[in-house]
Structure formats: structure tokens, C-alpha cells
Amino acid sequence: MRPIGLIASDSSENEARVILNQTEEKRVKVEDLVLVDNRNEGKILAVLRRGRGTNENLKPGGYNPGVAYARVGGSPSTVKETYDFTLSVIGEIKEAIQQNRRILAPGSPVYLFEDIENPMLYLAGTKHKHSIGYYVSHPSWPVPVDESFIPYHIGVFASTGGGKSFLARFQIIPLFLNAGFDVLVLDWKGRDYAPYYPEENVISISEIALDPETVVSYLCEKMGNFGYTGLQARGTLTQALEDFIYSEGWRGLDVKEFRRVLYKSMISSLNPKGLTSGRPFEDQQRFERSYKRLNDSDIQTILGTLTSEDILRLVRTRRLIILDMKKTGKDEKLSAFLTFARYLMDLMQMDVDLNLALVIDEGRSTAPLTQRAYRRRLPI
Ligand SMILES: Nc1ncnc2c1ncn2[C@@H]1O[C@H](COP(=O)(O)OP(=O)(O)O)[C@@H](O)[C@H]1O
Ligand SMILES: [Mg+2]
């Protein structure tokens, strides 16, 4: 450890300024980690934050010979020049780091951690074996992770291009796997994960079977809500569609067969007597108009056969599954997510220990929608 200066006056238990020894101002940098040997007892780990340079001869807003000299372009004396950093206390070094409760005594010496002395060891104590990334500028100082916090929510925030997906791919996912969790990644754009993992770890969203509730609302939406704007009016048609979808008889069909079966079932429940006027006939016509809006790729999306159980089983055997969501609309993505989330929630309500990490990339663009969807569709 290299001595770099002394604690200045006006210190407190969690913040102080350190006056740097001469020439240290050229070496010491913001974010450097230091140890304060507190004369009031304790070895204190701290981080340098805001640096400051002071020269009595160059005080602005007043007159003195130094300022006058500077005004005419002369180089001022450095005799009265000092440098200091504000130091922010991390904690007292004991077996693990603890809150520091004693005032840092002015005059206490401050030492810099050099590259070979890894201060992360103090942070971790002996019990944390997992780490993530490394401390800024020090690749040999991996940052320890307290394993007991992994089951809590983890958020990664940065502007676009800030490295969120990279962090998840290279650090967070390996961390989960090393800590014994199985991992399901929802790759919202299908761009950040799916191309980089072996095929056996990737499944496509169109392979997934959506739950009936989701399928009904998805089809309604794709059929323009049967041309209605109000919910009540479209009751009969929605009811007929629900009867059909909840019957589950269409699972496993191909697109053409699905079309045929859907059409037949809807017509026979909307207009069973084959009337050519009146309400049943109007409902039939309304359905036929909406049905034309439904294209094959819309249908393909709901014909996947993988159930939530299948997905979970896959995650269990392969440990890591990327769900590739490219080329699908927001509604389908959200539907697949909600179907699986609902399944997981049911399991959790039965007190099943899932031991599963869900990585949701691009939460940013879907979060408001998801929240609304949650409130509307999920019983939480
Ligand atoms: N730690 C890193 N080291 C080097 N390059 C990185 C790092 N993190 C991200 N990048 C680069 O920045 C680009 C954008 O990162 P990305 O993780 O896709 O950002 P975000 O998900 O926040 O939009 C990546 O394609 C990669 O080239
Ligand atoms: Mg990203």
C-alpha cells in the first residue's frame, strides 16, 4: 500500500477530505480505493470521489498579486498549491465490511490500494465465491456477489448501446448458471442472444402453445374485434370464439385445417339454422368479414405445440434456453410471456421452489405494456 496523504479537518464518520502528498496529484485518480488508518481506531475502506485543486494565489473574484500576475499571462507560483479528494467511506474492515461509526481523525494516514492488493477480498470476506465483472481499471479485482441476493430482482439500466445485453450475456447469465440456477432468456429482438448460443439452447416463439385466454384475445385483436368498438356488443361472437378455442380441438392442426375448423365451428354456433336474415345471419356476416382479415402467419403464431411444462422441462434438461422472439409482434411476445409467467406463478403459489432465473431483455420497451397486462390479466 502506498501512503498518499492525510485526513483533513472537518471530517465525519462517512466522509472526509484527504490532502494529497506532493506529486500524488499526478497519480491518484477518482474511484481509486483507499485505506484510512483511523487514529480513532479501525481500518477504513473508502473510495475517492471528487478531486479539488487549490492555490491561494489564484483565488478568483478578488485581487492579489498572483491573480494580477495571471492576468498579464505570467505563470503563478505553485508554493501555495494543494490538492485534495473527497473520500467516501465504504466501511470498517473487520471479518467482513461493517458500518463505520467512528469519526475519521484529522491527520490519519491514507493509503492507496495498488493493483496487486485486491481490496475486494475485504468486501467479500471469505464466504462469497461468486463474482461479476471487475472493479474499474483493475481486471484482477473481480467484484464479489453475495449469493443470497441472487433470487431478488436484478435490474440493468443503461442507455441504448450502453452494454446491458453484453453484461447479461457475458456476466449475469454465467453467474446464474454457476450459482446453480436454470436460466430462461426472453430475447425480445432475437438479436442479442439467439445467434450466439448452440441450436439446442434456442427455441422460437412460434413453437410455443399459447393458453386459450391469450389465443382468444389475440384472435379477436387480429380480426379487428369483429368490427366492434365496445366490448358488450361483440359478446356473441367472442363467446362463440371462446367456445371453440377452449374446446382445444384445434391443437396440433396445420394452418389450413385450422381455418376450416374455425370457420365451420363459428358458423354453426352463430347461425345454426342457416337463416338468411336477422341477428344470427348478421353475426355470421360480421364473422366472415373479420375472418378474411386473419392471415396465415397470424394463425401460425398460435399453432405452436410446446406447452409451458415442455419449456420448463427443456430448461431443466439443458439448463439454459433462449426464447427467440424475432419476427413477431408485441402482442404475440407478450402473450407468450404471459402464458409462461402465469404457469410459473401458479407453481410459485403452490410453493414450488423454481430455482429458475428469467432474463427479460428489452424490458424497457415492454415494461409499461407488461405492467398494464399484468394488472389486467394476471391475478396479482
Ligand atoms: N464490456 C464491453 N466491452 C466491450 N464492448 C462492449 C462491452 N459492452 C458492450 N460492448 C459493445 O457495445 C455494443 C452494444 O452493447 P449492448 O450490450 O448491445 O448494449 P445495450 O443492450 O445496452 O443496448 C455491443 O455490440 C458491443 O460491441
Ligand atoms: Mg440490448
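Author: Ala, Val, Leu, Ile, Met, Phe, Trp, Tyr, Cys and Pro count as nonpolar, Asp, Glu, Lys and Arg as charged, and the others, Gly among them, as polar. The model here is a predicted one. With those classes, the shell around ligand 1 divides into 2 nonpolar, 5 polar and 2 charged residues.

Reader: Happy to start there. Which residues make up the surroundings of ligand 1?

Author: Ligand 1 has Ala158, Thr160, Gly161, Gly162, Gly163, Lys164, Ser165, Phe166 and Asp192 around it.

Reader: What makes Ala158 buried or exposed?

Author: Ala158 has 11 within 10 Å, so Ala158 is exposed. You will find Ala158 in the loop between β9 (142-145) and α3 (164-178). Leaving aside residues up to four places away in sequence, Ala158 touches Gly163 and Lys164.

Reader: Why are Asn225 and Arg319 called partly exposed?

Author: Buried needs 20 or more other C-beta atoms within 10 Å, exposed 12 or fewer, and partly exposed is in between. Asn225 has 17 within 10 Å, so Asn225 is partly exposed. Arg319 has 14 C-beta neighbours inside 10 Å and therefore counts as partly exposed too.

Reader: How do you know whether α4 is roughly parallel or antiparallel to α10?

Author: Their axes come within 10 Å and cross at roughly 170°, where α10 covers residues 330-349. Angles over 145 degrees count as roughly antiparallel, so α4 is roughly antiparallel to α10. The contact involves Thr214, Tyr218 and Glu221 of α4 and Asp331, Glu332, Ser335, Leu338 and Thr339 of α10. By class, the residues of this contact divide into 2 nonpolar, 3 polar and 3 charged.

Reader: Now the sheet with β10 and β12. What makes β11 and β13 edge strands?

Author: The open sheet has 4 strands, in the order β11-β12-β10-β13, with parallel pairing. β11 (202-204) and β13 (356-360) each pair on one side only, and they are the edge strands. On average, neighbouring strands of the sheet are turned by 20° against each other, direction ignored.

Reader: How do you know that β10 and β12 pair?

Author: Two strands pair if DSSP finds at least two bridges between them. β10 (residues 182-187) and β12 have 5 bridges, in the parallel sense. In one of these strands, β12, Leu320 is the bridge partner of Val183. A helix belongs in this picture as well: α9 lies across β10, β11, β12 and β13, running at about 135° to β12.

Reader: And what makes β4 a partner of β3 and of β5?

Author: The cut-off is again at least two bridges. β3 (residues 33-37) and β4 (residues 43-55) pair in the antiparallel sense over 5 bridges, with Leu33 opposite Val47 in β4. β4 and β5 (residues 81-93) pair in the antiparallel sense over 10 bridges, and Val89 in β5 is the bridge partner of Ala46.

Reader: How many residues lie between β3 and β4 in their hairpin?

Author: There are 5 residues between them, and Glu41 in the turn has a positive phi of about 95°.

Technical notes
Residues numbered from 1 in each chain as written. Chains lettered and ligands numbered in written order. Predicted model: local features only at pLDDT ≥ 70, side-chain atom pairs only at ≥ 80, totals over all residues. Near = placed C-beta within 6 Å. Axes fitted to C-alpha atoms, helices over the stretch in contact; angles between N-to-C directions. Helix = DSSP H or I, 4+ residues; strand = E, 2+ residues; numbered from the N terminus. Parallel < 35°, antiparallel > 145°, perpendicular 65-115°, else oblique. Contact = placed C-beta atoms within 7 Å.
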